Amino acid sequence: MTIGDAVFAWLGVGALLAAVLPRVVAGRPLSLPLVFLVGGTAVYLLPLPLPEIDPVDDRLMAEHITEICVIIALMGAGLALNRPVGRRRWATTWRLLGVTMPLTVVFTALTAWWLLDWPPAAALLLAAVLAPTDPVLASEVRVGEPTEDEHDEDEVRFALTSEAGLNDGLSFPLTYAAVALAAAAGGGWSADWLGGWAVEDVAIKCAIGLLSGWLVGRLLGWLFFRPRSAALRLSEHREGFVALGATFLAYGVTEMLQGYGFLAVFVTACSIRAAERAHGFHNVLHDFVEQVERLFTAVLLFLLGAFIALGGLAALTWQGAVTGLMLLCVIRPLSGWAGLLGTRMRRSERWVTAAYGIRGIGSLYYVAYALGQHTFPVPARELWAVVTFTVLASVVLHGVTAGPVVSRLDRLRGTAPAHPEN
C-alpha cells in the first residue's frame, strides 16, 4: 500500500462521513468539525503510511487551501441571510464589528504583549489572526437555508452569521497593520506606518472590496434573474455550481484591483440575494455551496488534527495556552457583551451571541498569509502553536456546548424577537 492509496481511501471515508455526520450529531453535544479534528489526530497516531502535514513548512499550500474554504464559506453565509442590509436591521452586526471586534483585538494584543512578552508587532498579529469569527464550525449558531421571510431568523444566528461574513474581510486591515509595524519597527514600536496604512489598507482597499463586490453582485443578479432569453437566465437551469463561479469571479476581480476579496465575496452574495430575494434558485446555490464548504471544512479539520498529532503544539507554552483561553472565555464574551449593550436582545441571547465568537479556518488562513508577507520577531512555530491551540479549544468548547445551549435558548425564546425595520 502506497501513501497515495491511503490518501484516496481516507478522502473517500471523509466525504461519506461529511454527508452522514451532520444528521447524526444534530442537537447533540458534538459537532462535525470536532469529529474530524479528533479523527485526524487519532489516524495520524496510528502506524499508517500517511503524508507529513506541516503548515509551517508548507505555508503557501496551507494559505491557498484555507483561502478557498473561507471564500466559499463567505458566499454561503451571504446567500443564507434573509434580512436586507440596513442600518437598523443589521444593528447588532454593526455593533459586533464596530465595538466588539476592536475591543477583542486590543485586549488580545495586550494579553499577548504582557503574558507572552511578545513584541508589539507579533502581539498585534496574533490578535488580528484570531479576530475573525467562524460559525461554520458550529452550525447550530448560524442561519439555515434561505427562505422568503426576512424575519425568519432569530437575532443570535443572524448576528453571528453576518458578523462572520464581514469580519473575515475586515481582519485584513488588522493583519496589514501588524505587517506594517513589523516592517517599520521590527521588535519595537513606531507610528510612522499609521498614515499610509489608514489610507491604503483601510480606506482604499475596503472601498474597492465593497464597490467591486456590489458591482459583481448586481451584474450576476441581473444575469441570474433578468435576461429575456431563458438560455441566458441562469436561474431557470438550477445549476448550483454557478455559485462557485460567482465566488471566484468576485474574489479574483477584487484581488486584481488590489481590494479585499473576502469582503467582496460576502457583498456579492448579499447583492445576488437582494436581486430576487424570494426566488428558489437561492436555495440551489446555497445548498451546493454548503456541501462544498462542508467537504473543505472536514478535510481542513482532519489535517489540523494530523498537524497536532505530528507535534504542532510542541512549541506551545502555558502562557500561549492561557492567552488563547483568555480570548475564548473572557475577552470575546465581555467584548461581545459590551458591544451589544442597549440592544433589544434578551439577556440570554446577548450572552450567547457574545460567547460564541468561534475561531476557525479564517484564523488559519491569516496566520499563513501574514507569515508570507514579513518576518515577525517570534518563531513561526510558536505563533502557529498558539493559533492552532486556540482553534482546537474553540472547536471543542463551542462544538460541545453549541447544540445544547442554542436548543435551550430556542425553548426559552418561544417566539423569535421582533426585528427592527430599517
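Modeller: One term first: a residue is buried under 20% relative accessible area, exposed over 50% and partly exposed in between (1.4 Å probe, protein chains only). The model is predicted, so local features need pLDDT of at least 70 and side-chain atom pairs pLDDT 80 or more, while totals for chains, interfaces and linings use all residues. Numbering starts from 1 along each chain as its sequence is written, and side-chain values use heavy atoms, without hydrogens or water.

My part is the loop that holds Gln258, which runs between α8 (242–256) and α9 (261–275). Helices are DSSP runs (H or I, at least four residues; strands are E, at least two), numbered from the N terminus. Is Gln258 buried or exposed? Its relative accessibility is 53%, so Gln258 counts as exposed. Its backbone stands out too. Most residues other than glycine have a negative phi. Gln258 is not a glycine, yet its phi is positive, at about 70°.

α8 packs on helix α10 (residues 281–309). The angle is about 75° and the axes are 8 Å apart. Axes are lines fitted to C-alpha atoms, for helices over the stretch in contact, and angles run from 0 to 180 degrees between N-to-C directions. α8 and α10 are therefore roughly perpendicular to each other (65 to 115 degrees; under 35 is roughly parallel, over 145 roughly antiparallel, the rest oblique). Which residues make the contact? α8 gives Val242, Ala243 and Leu244. α10 gives Phe281, Leu285, Phe288 and Val289. Contact means heavy atoms within 4.5 Å. Sorted by class, the contact of α8 with α10 has 7 nonpolar residues, no polar ones and no charged ones. Nonpolar covers Ala, Val, Leu, Ile, Met, Phe, Trp, Tyr, Cys and Pro; Asp, Glu, Lys and Arg are charged; the others, Gly among them, are polar.

Asp117 lies in the loop between α4 (91–115) and α5 (120–129). Its phi is positive as well, near 60°, and Asp117 is no glycine. At 64% relative accessibility, Asp117 counts as exposed. Trp113 belongs to helix α4. It is partly exposed, with a relative accessible area of 49%. Leaving aside residues up to four places away in sequence, Trp113 touches Trp118 and Ala123. From Trp113 to Leu124 is 11 residues in sequence and 8.5 Å in space, C-alpha to C-alpha.

Helix α2 (residues 32–44) and helix α14 (residues 380–413) meet at about 135°, with axes 9 Å apart. α2 and α14 are therefore oblique to each other. Pro33, Leu34 and Leu37 of α2 touch Leu392, Val395, Val396 and Val400 of α14. That contact has 7 nonpolar, no polar and no charged residues.

Last, the whole chain. It has 14 helices and 0 strands. Its C-alpha trace spans about 60 × 60 × 45 Å along the principal axes. Of its 422 residues, 55% are buried. Among contacts with a separation of 6 or more, 83% join residues 24 or more positions apart.
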